[in-house]
Every structure is written in C-alpha cells, then in structure tokens.
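User: Hi! I am new to this structure and would like to understand the words used to describe it. Could you walk me through some of them?

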Amino acid sequence: MQAQLLSSSGSNGRRPLTHGHSLPACPVRLSARSAPDSYSVVFSRRQPWLKSGVCSALQFGKKTHAKSVNAKHLLRPQAAAANETPAAELPPKDQGWPGAKPVPLLLSIAVGAALRFLVPIPQGITVQAWTLLSIFVSTITGLVLEPLPVGAWAFLSVTAAVFTKTLTFSQAFSAFTNDVIWLIVVSFFFAKGFEKTGLGERVATLFVKAFGKSTLGLAYGLAFAEAAIAPAMPSTTARAGGIFMPIMSSLSQNAGSLPGTESAKKLGKFLVMSQFQGSVHSSALFLTAAAQNLLCLKLATEMGVVISSPWVTWVKGALAPALVGMLVTPLLMFKLSPPEIRDTPEAPKAASERLEKMGPMSRDERIMLATMGFAVVLWVTGDAIGVSSVVAAMLGLSVLLLTGVLKWKDCLQYPPAWDTLFWFAVLVGMSGQLNSLGVIKHFADVVGGKLVAMNLGWQAVFGLLNVCYFALHYMFASQTAHVGALYSAFLAMMLAAGVPGLLAALSLAYCSNLFGSITHYGSGQGAVYYGAGYVSLKEVFSVGALMAVVNLAIWAVVGGAWWKVLGFY
C-alpha cells in the first residue's frame with residue numbers, strides 16, 4: 001500500500017490552498033510493507049531538498065497514532081490507497097446551484113425584513129436609523145448562516161444600504177480610511193513576509209523546541225508570550241497580525257495543518273482558537289495592552305472617577321481573573337477544538353536537529369527580523385514620538401518592499417488581506433453610522449433606565465449593566481468605538497445606582513477587552529484570526545458565545561472575590 005503525504009494539484013506541481021497560499025507538491029510516498037502503521041519513506045530524486053524540509057517529518061519504521069506523534073516535526077501522514085483513482089480523473093459531479101445558498105439567503109433577508117416592517121419603530125429612532133439597523137441585523141444573520149462568502153455578503157449588504165438611500169456612498173464606504181483596518185491589512189503582509197522568507201518556519205521551530213512536547217504546551221507558550229509582550233505593545237491587532245498569527249501559521253503548516261482544509265483540525269484550528277480567546281485576558285491584564293484601556297480611564301476621569309496610580313491599580317485588579325482566564329482557556333479549547341496532533345515527545349529534539357540543518361539566517365530573514373524589530377520599537381514608543389501603530393506598520397512594509405523581501409505582486413496576490421479590508425470596513429462603517437444615528441445610545445438608555453427604575457440593589461444593577469454592556473458589542477465592529485459610544489453612559493448609570501466608582505470604572509474597562517473575541521468583526525484581532533482561514537464563522541460565533549459566558553463567570557466570581565480583598569468595594 002502506498003499513500004501520498006501531500007498530493008499535488010494541477011500541472012504546475014503546486015497544491016492550492018485557501019486564502020491565496022500555495023505549497024510545493026510533496027514527492028514523499030509512504031509505503032506500508034508488513035503492517036499498516038509501519039512506513040518507509042521514499043524521496044523523489046527531482047526534489048532532494050525536501051529531505052531537509054517539511055517532508056522530512058516522518059521517521060522510518062515509527063508508529064503513528066492519533067494522539068501521539070513520534071516525528072521530527074509535527075506531521076502525520078494522510079494515507080490514501082495506492083489503487084485509488086486520483087480526484088482529478090473522476091468524472092465531474094453535478095454541483096447544483098452555483099450561486100447563493102437559497103435557504104440561508106431567504107432566512108437572512110427575512111430576519112431583516114421582519115425587523116423593518118413587522119416591529120414598530122421605537123419613539124426617538126428615525127426611519128433611516130431603523131432601516132439601517134434592519135440591514136445590519138440581516139448582515140450579521142448572513143454572516144452566521146453563510147449564504148455567500150463573507151466578502152460577497154458584505155458587498156450585497158452595503159449595496160442594499162446605498163440602493164435604499166439609507167446611506168450615501170461616502171457614508172457606506174467611510175470606514176475604508178479607518179487606521180485599524182489598514183493596520184490589519186499591513187499585518188497580513190507581514191505574515192506573508194514571515195512565510196516567504198522562511199523566518200516563520202525558523203521561529204516556529206524554536207517554539208517547537210521550547211514547548212513542543214505537546215500541542216497544549218505550545219498553546220500555553222503562545223498565550224504567556226503575548227502576555228509578556230502586551231504591556232509594551234498596546235495594539236491587539238498588531239500583536240495578532242504582526243507576531244502571533246505568522247508564528248501559528250508556520251507551526252501549523254509545518255505540521256501539515258493547512259487553512260480551509262480538513263487538515264486544519266490537526267493543529268491550526270486549536271492554536272488559533274486558543275490564542276484568539278485567550279488574547280482578551282492578556283489585553284485586560286495591563287493598562288497599556290490595548291488602546292481602549294487608556295480611553296476608558298480618560299472617560300472615567302471626565303465622569304469624576306479619578307484612579308490613583310492607574311497602571312498599578314489596573315494590574316492589581318486584573319491579575320487574579322486574567323491569570324485564571326489564561327490558564328483555563330487553552331484547556332477549554334483543547335476540549336472544544338481538539339487537535340488531532342496532541343503528544344509529540346520527540347519534537348524538541350527533532351526541532352534542534354532541524355535548526356542545525358537550516359543553518360544561519362538568510363539575507364531576507366535578517367531583513368524581515370530587523371523590520372519586525374523596528375516596527376515593534378515604534379509600536380512601543382509610538383505615543384511618545386508621535387508615530388501611530390498603522391504608520392509604524394506602513395513604514396515596516398515600505399522597508400520590505402524597498403529591499404525586495406516582498407514584491408508588490410506578493411501583496412496583490414494575498415487575498416486574505418484584501419478580503420478582510422472589504423468586509424471589515426463595511427461592518428465598521430455600518431456600526432459607526434448606527435452610533436451616529438443614535439440607535440445604540442437609544443437601546444443603552446432604555447435598558448439602563450429600566451434597570452435603575454426597578455430600584456434593585458447596586459450589586460444587581462452592577463451585574464446586569466455589565467452583562468448588557470457586554471452583549472451590546474454584537475452591534476459594534478470596534479472595541480474603541482464601543483467604549484466611545486457607551487462607556488460613559490453605563491458608568492453614569494452605575495454611579496447613579498450607588499456602585500462604588502473604582503469598581504464601576506474598572507469592571508466596564510475590563511469588559512471592554514473581554515468582548516473582543518465573541519465575533520470575527522468585533523475587534524481587530526478577530527479579523528486577523530478569522531482571516532487566516534483555520535476556523536469557520538459558525539465556530540467563531542458558537543465558541544465566542546460560550547466563552548463569553550465562561551469569561552464573564554471567571555471575572556465575576558474570581559474578580560469579584562479579588563476586588564473585595566483589594567478593597568474596591
């Protein structure tokens with residue numbers, strides 16, 4: 001029996017991947033002689049370099065198990081019978097209707113139409129605002145049901161908004177100048193640089209050497225690495241797109257776990273979900289870990305809540321719940337998105353051997369590393385010298401283009417960046433217009449007013465307002481925009497109900513980080529991690545909803561007890 005590790009597709013010998021990636025076809029064949037789990041490896045003479053590359057991952061005569069891998073890299077064979085007819089030679093199957101999925105399409109439209117024409121328009125909200133809310137709800141429904149790919153559905157939604165004259169063309173596309181969106185796009189190009197130069201593989205191999213005895217160990221290593229970087233790099237988007245997604249992509253692809261395929265379950269899906277859900281705790285741990293944190297304290301000061309020693313006070317308040325969250329999240333993701341590759345006891349030793357074979361860094365690797373270091377320095381010192389995060393990223397990309405590490409063609413042929421630019425800008429634009437038209441403030445005032453009118457104790461009001469503040473993030477495509485729109489209003493309602501000022505200000509500020517992982521559009525890092533192609537929209541929403549409950553429970557129980565010890569109330 002013979003099996004192909006990575007089958008080629010097409011006449012050019014390259015295997016097409018989703019989101020514009022491609023890998024060379026691997027000429028390695030596995031032949032089982034005496035038993036189905038005893039393999040020998042045969043290399044093609046035409047591509048001997050693969051002996052020291054990804055295809056050298058399998059050892060001779062080693063057994064391969066679903067939960068334990070004895071390999072020189074995190075790779076497992078994808079066996080197929082030798083007498084199996086190649087997929088390309090099979091007669092084409094009838095694919096049916098090639099356009100939008102009819103049932104999800106009708107349901108997505110029906111939800112928005114029902115809200116627009118069957119639900120009475122609340123007093124104080126204009127017809128234009130209510131129509132836009134209906135289109136936005138229909139858009140979100142379509143993102144969940146997926147009648148079309150995300151970018152295509154976003155295009156239909158923005159077209160509907162312009163066609164119905166709900167928004168002008170300039171209003172509908174206003175968010176295309178948003179600096180956070182362009183930071184995401186440039187971060188994708190950094191990821192391309194990591195991939196093209198081989199620096200990503202080198203960094204991934206170093207991680208395997210340090211934490212690679214288990215995939216759970218890798219997840220914890222990545223989580224605490226982000227926590228260590230977070231206080232000096234106040235952009236969750238930059239951390240996700242510029243550092244951690246390139247590393248996880250390299251780790252996954254070296255393990256044969258490719259985006260948009262069944263092999264994503266091997267490793268990539270677990271690492272991405274773990275990092276995405278865990279990043280909210282590292283962002284909440286430090287005052288300088290995210291832009292919205294500083295905005296929260298600025299707004300709190302304007303409301304009369306002055307926090308002494310803000311950096312230290314913030315860290316003290318977040319320490320216990322954030323650490324518990326960082327410890328619990330990888331374990332939960334290990335259950336919810338279990339990786340097929342779990343135990344790799346020989347991986348660290350094999351990684352050391354691989355690093356020796358890779359030799360010294362190439363010219364392009366050194367330039368890529370220096371450029372990333374330059375960008376990180378600017379991200380850390382940007383506020384002091386007047387350089388924003390997006391400008392720092394643009395300068396870094398300019399260096400890569402000037403030195404030839406990246407060609408402009410590389411950028412043009414990287415679909416994840418341009419796809420994310422479009423759909424994320426559409427959602428940010430709609431969310432911003434809903435806020436401008438007063439829709440979000442109206443619902444916040446109604447909910448808050450009813451809670452205060454119920455004359456509950458401040459503890460009950462405190463809990464309910466935090467939950468409402470959290471849930472309203474489904475209507476936002478930016479954490480900073482959410483804070484700007486609702487933080488002051490909810491803080492005022494808490495103070496009016498008798499909630500201690502320090503507790504009210506910090507709890508809402510911590511929440512402003514926690515809701516960053518409930519959707520793929522609710523934060524910059526969400527767009528980056530979803531755009532990598534390892535997780536589906538349904539998984540983002542379902543896991544995001546579950547983790548919303550888990551994170552709120554951790555911060556309510558552990559945080560509540562910790563804040564009592566600290567004297568916050």
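User: Which helices do the buried residues of α1 pack against?

Analyst: Welcome! This is a predicted model, and in it the buried residues of α1 pack against α2 (127-145) and α3.

User: Which residues of α1 are buried, and what puts them on the same side of α1?

Analyst: The buried ones are Pro104, Ser108, Gly112 and Leu115. They cover an arc of only 65° around the axis, and therefore they sit on the same side of α1. In general, an α-helix has 3.6 residues a turn, so residues three or four places apart point the same way. Val103, Leu106 and Phe117 are on the other side of α1, where they are exposed.

User: How do you know that the span of helix α1 agrees with what it should be?

Analyst: Helix α1 covers residues 102-117, which makes 16 residues. At 1.5 Å a residue they should span 22 Å, and the end C-alpha atoms are 22 Å apart, so the two agree.

User: Why is Leu167 called buried?

Analyst: Buried means under 20% relative accessible area. Leu167 has 4%, so Leu167 is buried. You can find Leu167 in the loop between α3 (150-163) and α4 (169-172). Beyond its neighbours within four places in sequence, Leu167 is in contact with Leu132, Ala161, Val162, Ala172 and Gln433. The C-alpha atoms of Leu167 and Ala129 are 9.6 Å from each other, while 38 residues separate the two along the chain.

User: And Lys165: is it buried or exposed, and why?

Analyst: The cut-off for exposed is over 50%. Lys165 has a relative accessibility of 71%, so Lys165 counts as exposed. Lys165 also belongs to the loop between α3 and α4.

User: What makes the phi of Lys165 worth a look?

Analyst: Most residues other than glycine have a negative phi. Lys165 is not a glycine, yet its phi is positive, about 60°. Ser309 is another non-glycine with a positive phi, about 45°; Ser309 is in the loop between α10 (291-302) and α11 (310-336).

User: How do you know that Ser523 is buried?

Analyst: With the limit for buried at under 20%, the 1% relative accessibility of Ser523 makes it count as buried. Ser523 lies in the loop between α20 and α21 (524-531). Apart from residues up to four places away in sequence, Ser523 touches Phe276, Phe424, Gln479 and Gly516.

User: What makes α21 mostly covered?

Analyst: Eight of the eight residues of α21 are buried. Among them are Gly524, Ala527, Val528 and Tyr530. After α21 comes Gly533, with a positive phi near 90°.

User: How are helix α9 and helix α20 described as a packed pair?

Analyst: Two packed helices are described by the angle between their axes and the distance between the axes. For helix α9 (residues 268-285) and helix α20 (residues 501-514), the angle is about 145° and the axes are 8 Å apart. The crossing of α9 past α20 is right-handed. Val280, His281, Ser283 and Ala284 in α9 meet Tyr510, Asn513 and Leu514 in α20. By type, the residues of this contact are four nonpolar, three polar and no charged.

User: How many helices and strands does the chain have?

Analyst: The chain has 22 helices and five strands. Of its 569 residues, 52% count as buried.

Note on methods: Residues are numbered from 1 along each chain as its sequence is written. This is a predicted model: local features need pLDDT of at least 70, side-chain atom pairs count only at pLDDT 80 or more; totals for chains, interfaces and linings use all residues. Side-chain values use heavy atoms; hydrogens and water are left out. Axes are lines fitted to C-alpha atoms, for helices over the stretch in contact, and angles run from 0 to 180 degrees between N-to-C directions. Helices (H or I, at least four residues) and strands (E, at least two) are DSSP runs, numbered from the N terminus. A crossing is left-handed if the near helix is turned anticlockwise from the far one by less than a right angle, and right-handed if clockwise. Contact means heavy atoms within 4.5 Å. Ala, Val, Leu, Ile, Met, Phe, Trp, Tyr, Cys and Pro count as nonpolar, Asp, Glu, Lys and Arg as charged, and the others, Gly among them, as polar. Buried means under 20% relative accessible area, exposed over 50%, partly exposed in between (1.4 Å probe, protein chains only). The expected span of a helix is 1.5 Å times one less than its number of residues. The arc is that of the directions from the helix axis to the C-beta atoms.
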